[in-house]
Structure formats: structure tokens, C-alpha cells
Amino acid sequence: MIIKPIIRRNICINAHPLGCAAQVRAQINYVMDRDKIFGPKKVLVIGASNGYGLAARIVSAFASDAATIGVGFEKPGTTRRAGTAGWYNIEAFRQEAETAGLAAWNINGDAFSEETKNKVIGIVKDKLDAIDFLVYSIAAPRRIDPATGEIYSSVIKPIGKPFTASSVDVLSGVVSEVTAEPASAEQIAHTVKVMGGEDWMLWVEKLLNANLLAREFKTIAFSYIGSEHTRSLYRDGTIGAAKKDLEQKAEHINTLLKPIAGKALISVNKALITRASAVIPAVPLYTALLYRIMKDKNLHEGCIQQMYRLYRDFLFSENSPKVDAKGRIRIDDWEMRPDVQREVAALWNEIDQQNIEEMTDIRGLREEFLRHHGFGMPGVDYSQDVRPDIF
Ligand SMILES: NC(=O)c1ccc[n+]([C@@H]2O[C@H](COP(=O)([O-])OP(=O)(O)OC[C@H]3O[C@@H](n4cnc5c(N)ncnc54)[C@H](O)[C@@H]3O)[C@@H](O)[C@H]2O)c1
């Protein structure tokens, strides 16, 4: 089958198996070209098939020689239909790891469920004895509470008042004004239930109770703050409420981990175009402008660059990690530099349909978005027949 991207409303619903494998390899090559990191050796990554979680797993394995377990929730390819990008990424990773002599196990299942947690526990018990690092990197639209069976859905909405801003469709480049109505109290609570820290805490509790966490175990989850231009929708909106809950849960997890001298950390990451962030109104436009400014200043990073710097300079350096007043690692430090944010502010109201291509890096965003799905990778012959169920 010849596989071409199928995109609906900034969501790419298919992926190219060989292109995904090529972009996983490109991330591995980035890490292999750099210094080794004296980091973790037995790592669990929840949300390991895409974006930040995939990059963290690659750094764990290829910079720190770790054995890794990766959990993702993806659709497999069949003989007639391509699967999701993460399906191909996570398997391409496993094959690359195996070739390099690094142990790697994948689980495709719902991280919120008891079934997936029990499967991971089985692998840790059988193969690793204990893990020393857990990366929690989930971006999910819904969660079924394992205790009650209730289904919660997350929404991206402002709180208290409507939010109106310019937005851009990443693929078509069409700029439009979007308005998001404020969330109800129930929608806020549901978003916190899905994207907050409860499930992260449940994972740590379960592993700790099963005696599967090594002494001085570390765990990290990812947050986002961002600029004034997306604040009402993001940080002060429903997702921000969930991120604040995630940050509070880190404190609770720290209390749980005291007996094993463990540590829970939050890293506030940079805005990047991933499968999750492309669908947040106003965020792609902000990101397109940010990419252009950060690339001009030679400060641009993708997932793999952010994760490598996070491990090397913050998590596994000789000194304890530098944190902000709220105890969070700020790997968004370059994004939030005053000169970068000043330039974003100066250009924000100037962008329109006529100048978007020239004033922002919408082209770079588009390319990166497609590459996340295995399209547009150098060296891949897209005119060739490929089996969608190759992995
Ligand atoms: N992209 C950004 O700009 C950005 C910035 C800062 C922080 N973050 C945070 O980083 C984290 C990861 O985001 P991303 O952008 O890399 O997302 P992504 O969409 O690229 O990856 C999300 C991962 O979660 C997994 N997943 C989703 N639902 C699942 C489920 N029920 N069970 C198991 N796995 C599931 C997917 O399979 C995938 O591996 C999120 O917490 C996000 O808020 C993202």
C-alpha cells in the first residue's frame, strides 16, 4: 500500500511505518552523537510511543544504557489500514534497542487500567527486580476510573470567561479567530481527573507497595506554563488546573517515597508541536512564532534535545537539579527568556493570513508535525509499497 497522510482538523489519523522508524532512528542518532549520561539503568516510561515520552525513553536507553519498559496506547496497523504513529514508533524503538543489546519491553494498553499496571508489575518482577526511574508522559483525551468504571473526558477550555484569539490550522496555514466558551465545574473536575496527577500517584503507590522501586528511585512528570498569549486558555484554563494538580501530587508522592529516599519531580517543558499540542486553539500559532524566534536565536529544541538536556543538566548531573521557587525544573527556560517573550509579544498582533508564512515558522511546524507521523523523512521512499502491518 502507498501511505499518504490523512489529516482532519490538525489530527493526522494515519502514519507511515518506515517513516516512523526513520524518525526514531534520527532521534537515536542525535543521542549517540553526544556524551553518555550516568543516569538510570531500569526505566519505566508511561506514554512512551510519542513526543516527550518517546524521547525520554531514547535518552534513557541510548545515553544511559538503561533497560526500558514502555507503555503506549496505540492502534495497530492491519493489512488494509495504517496504524497510529506511536504503534510504529514504539516497535521501531524496541527493535533498535534490541540490535544495540539493550533490553526493552513494550506494552500497548490503557495506562489508567489495573490490567496494564499489573502487566508492567509482572515484567518488573520477572526481569528487572526494581526500577530506578519512572517517566510519566501521558496526554490523553479520556480516562476510565479503575475503581468506579466512570468515564472522564478532558476538555481544553478557559475558566470563568470566554477566550478569543487567533489560531492557525497547521497544515493549511489558514488563520482564523477562535472562541472557546468557559468550562463548567464538571468539565474542570473531569479534566483534572484525566490530566492531573492521580494516575501518576497510583502508579508510584502500586510499584512501591509491591516493593519494586529501587532505593533513591526518581520519577518525573511534565507540565507546561507558556506565554501570556495562551495563558487564559492553557495555564489558567482546564488543562492548567490539571497541571496544578499534577504539581501538587508531586509533593504527595515525595512523602510516599521518603522511606526509600526517593524523589518526585516536575519538569516544565517547552512548547512543541506534537500530536497532543496541535489541537489546542491558539497554541499552534504561538508555537509557529516561537519556533521562528528561537530558530533565529539558535535556541530551538525538539523533544529529543529537550530530553537530553533535561537528563544531562538537571536530572542526572552531579549537582542537585536547579529548580524554581515552586520546586519545578524549568527546561522551558529558553522559551521563557525575556528577549524571546518580548519578541513574541511584539509580533503576536501583527500576524494575519497574508504574512503568516513569512513572519512565523509555520513551515517548520508543518514539517515537524508530519514527521511525528513518519511523513517527509529524508531517505524514505514514499512511492514504494509498504505493508501497514509490518510491525
Ligand atoms: N507538547 C508540548 O508542547 C508539551 C509541553 C509541555 C509539557 N507537555 C506535556 O508532556 C506530556 C506528553 O505530551 P506530548 O506532547 O509528548 O504528547 P504525545 O501526544 O506526543 O504523547 C502522548 C503519549 O501518551 C500516550 N497515551 C495517551 N493515552 C494513554 C493511555 N490511556 N494509556 C497509555 N498511554 C497513553 C500515547 O500513546 C503517547 O505515547 C503531557 O503531559 C503534556 O501535557 C507537552
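Guide: Welcome! Because this is a predicted model, local features need pLDDT of at least 70 and side-chain atom pairs count only at pLDDT 80 or more, while totals for chains, interfaces and linings use all residues. Residues are numbered from 1 along each chain as its sequence is written.

Visitor: Which residues is glutamate 335 in contact with, leaving aside its neighbours within four places in sequence?

Guide: Those are Lys270, Ala271, Leu290 and Val340; contact means C-beta atoms, placed from the backbone, within 7 Å.

Visitor: What makes H5 oblique to H8?

Guide: Helix H5 (residues 185-195) and helix H8 (residues 238-257) pack at an angle of about 50 degrees, with axes 8 Å apart. That angle makes H5 oblique to H8, because angles under 35 degrees count as roughly parallel, over 145 as roughly antiparallel, 65 to 115 as roughly perpendicular and the rest as oblique. On the H5 side, the contact includes Gln187 and Ile188; on the H8 side, residues including Thr238 and Ile239.

Visitor: Which residues come nearest to the ligand?

Guide: Of the 29 residues around the ligand, these are Gly47, Gly51, Ala111, Ala140 and Thr274. A residue counts as near if its C-beta atom, placed from the backbone, lies within 6 Å.

Conventions. Axes are lines fitted to C-alpha atoms, for helices over the stretch in contact, and angles run from 0 to 180 degrees between N-to-C directions. Helices (H or I, at least four residues) and strands (E, at least two) are DSSP runs, numbered from the N terminus. Two residues are in contact if their C-beta atoms, placed from the backbone, lie within 7 Å.
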